Amino acid sequence: MKSIFLRNFFATALLVFMSFLIIALSFVGIGRTYVISDYRSGMENCAHEVARTASAIARGDSLSSWVLSMSISSISHSTGDHIFITDESGMIVSCSDTNPMCEHLGARLPEDTVNAIGSIYDELTDLGGLYHSRRYVAAAPIRAFGSEAVLGYAFVSNQVDNMLDAWSTFLIVAAIVGLGVFLAALLVTLLYSRHLAKPLDEMAAASRKFARGDFSVRVRQTEDPTDEMGALIDSFNKMADSLEQSEQRRSEFIANISHELRTPMTTIAGFADGILDGTIPAQEERKYLISIRDETRRLSRLVKDMLGVSQARARASDASHRSVFDVSELIVQTLLSFEGRATKKNLDVDPQLPDNPILVRADKDAITQVIYNLLDNAVKFASPGSCLVLKLYKDNGKAYVSVKDHGETIPPDDLPFIFDRFHKSDRSRSMDKDGVGLGLYLVKTILNSHDEDIAVKSEDGCTEFVFTLPLAETTKQRD
């Protein structure tokens, strides 16, 4: 799991790094162009302002006047640009340098540069060797006040490095901020990758415990069950539930078999040894052989019942076997199979069924087993000549089935355990010589698989079992 965590972290970190790199390169390129363009636009505006100032001063003085020189020096000091003024032929007559012996005064600009100046001039040039390196230069014509006559030209220039000084400072600050954001993104990526890998680590640990036979462990559901990881955790826990139930059923089956096989096998082995070693007299061998036969048949019934319980539980849990059927008809059909036994005990059977069908949605075979087991129990323990009552009715969206017999009362202490496997009340229903105590346990298991319930009441010799079934939701029914 650590490899998945690291791969996910490095992949995300690489993606974040590439994103930051692309953004940084785009920012540097576009930002540099924007800064230079903005600075050059400012230089053009400065050239126009100097030209207007020179035009105003030239009304009463010349372009080489001391007043104009001081004015452009002040503008140069505030903008950081180098400024000079030429006459109409291109000779420099005034400069922003404060040195009285300025090297630029008297210099003449190339004729093609002067001719290229229209309303504005914007070039990267050394002005014919005037500067030692190429600079950005902006120029504007100085026109006589109130006319279009050109008196001279105003030039504004600056080095590229000077223009980018502020940009460089900004880049350093931006780089520090970007690095901080990148490290924060890496930290978030690290924590999120660890968060994503944690359920996988828990699943791996749980799987190792499964391999050792411990099916009790579960993965904590910390994710939204509707997303992929949440759905995976939910499916994993459901798988664990299924494995635990399967293991529990296997353990129960082994425990049940061990519990029930111990006594009859001991009896069979004891009688067989007694016959073989002569402990049992020859004239009584038939008696003990009959006991061995009966115990062997009981073992056969036990195995059959145990397999039936397992199969019925598995089938009842499968919703695909459920269908809509008339429970009244099912009760009548099941009653017919007890006609002979009821007649033999002289029982009066009273089926209190509604005239109209009551449709339920359930596993028909499983519910048949439920009704059969309850009827078998009622017929077995009903007193000869008594009345056996079956009642079917609806209430609060449920179908209710009642099986009532009259016989011995089940002791109150036994009622809470009546549905436990292998439970047989020795005091009230000790005539159950052939059963293994799985009939009511199977009934409870099937109904629980349908999310339904069963209750028992036994008072004054009357025992009644009542269980519920879900009504078919899509079918209109009438009482």
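How many of the 11 residues of H10 are buried?

Analyst: Eight of them are buried, so H10 is largely enclosed by the rest of the structure. Buried means under 20% relative accessible area, exposed means over 50%, and partly exposed lies in between (1.4 Å probe, protein chains only). Helices are DSSP runs of H or I with at least four residues, strands are runs of E with at least two, and both are numbered from the N terminus.

The model is predicted: local features need pLDDT of at least 70, side-chain atom pairs count only at pLDDT 80 or more, and totals for chains, interfaces and linings use all residues. Residues are numbered from 1 along each chain as its sequence is written, and side-chain values use heavy atoms, with hydrogens and water left out.

Back to H10. The buried set is Leu-440, Tyr-441, Leu-442, Val-443, Thr-445, Ile-446, Leu-447 and Ser-449. An α-helix has 3.6 residues a turn, so residues three or four places apart point the same way. Lys-444 is partly exposed, at 23% relative accessible area. Its side chain meets that of Asp-453 in a salt bridge, 2.9 Å from N to O. A salt bridge here is a side-chain nitrogen of Lys or Arg within 4 Å of a carboxyl oxygen of Asp or Glu. Side chains of opposite charge can pair when their charged atoms come close. Asp-453 is partly exposed too, at 42%.

Now the segment that follows. Just after H10, Asp-451 takes a positive phi of about 60°. Glu-452 forms a salt bridge with Lys-398, with the closest N and O atoms 2.8 Å apart. Lys-398 lies in strand S10 (residues 398–406) and Glu-452 in the loop between helix H10 (439–449) and strand S11 (454–459), so this pair ties together parts that are 54 residues apart in sequence. Glu-452 is buried, at 8% relative accessibility. Lys-398 is partly exposed, at 27%.

Past S11 comes another loop, between S11 and strand S12 (462–470), and Asp-460 sits in it. Its phi is near 50°, a positive value in a residue other than glycine. Asp-460 is exposed, at 81% relative accessibility. Asn-346 also has a positive phi, near 60°, and is not a glycine. Its place is the loop between helix H8 (339–344) and strand S7 (348–352). Asn-346 is exposed, at 57%.

Next, the cysteines. The sulfur of Cys-462 has its closest cysteine sulfur in Cys-387, 9.6 Å away, too far for a bond. A disulfide needs a pair of cysteine sulfur atoms within 2.5 Å. By this rule there are zero disulfides. Cys-387 is partly exposed, at 24% relative accessibility.

Other charged pairs lie elsewhere. The whole structure holds 10 salt bridges. In one of them, the side chains of Arg-218 and Asp-241 meet at 2.7 Å, N to O. Arg-218 lies in the loop between helix H4 (160–211) and helix H5 (228–277), and Asp-241 in H5, so the pair ties together parts that are 23 residues apart in sequence. Arg-218 is partly exposed at 25%, and Asp-241 is partly exposed at 32%. A network of salt bridges links Arg-341, Asp-376 and Lys-380.

One histidine deserves a look. His-82 lies in strand S1 (residues 82–87). It is buried, at 10% relative accessibility. Leaving out residues up to four places away in sequence, His-82 touches residues including Cys-95, His-104, Tyr-131, Arg-135 and Phe-155; contact means heavy atoms within 4.5 Å.

Areas come from the Shrake-Rupley method with a 1.4 Å probe, and for residues, only the protein chains shown count as cover. Leu-14 belongs to helix H1 (residues 2–58). Leu-14 is exposed, at 52%.

Finally, the whole protein. It has 10 helices and 12 strands. Of its 479 residues, 38% are buried. The accessible surface comes to about 27,300 Å², and 56% of that belongs to carbon and sulfur atoms.
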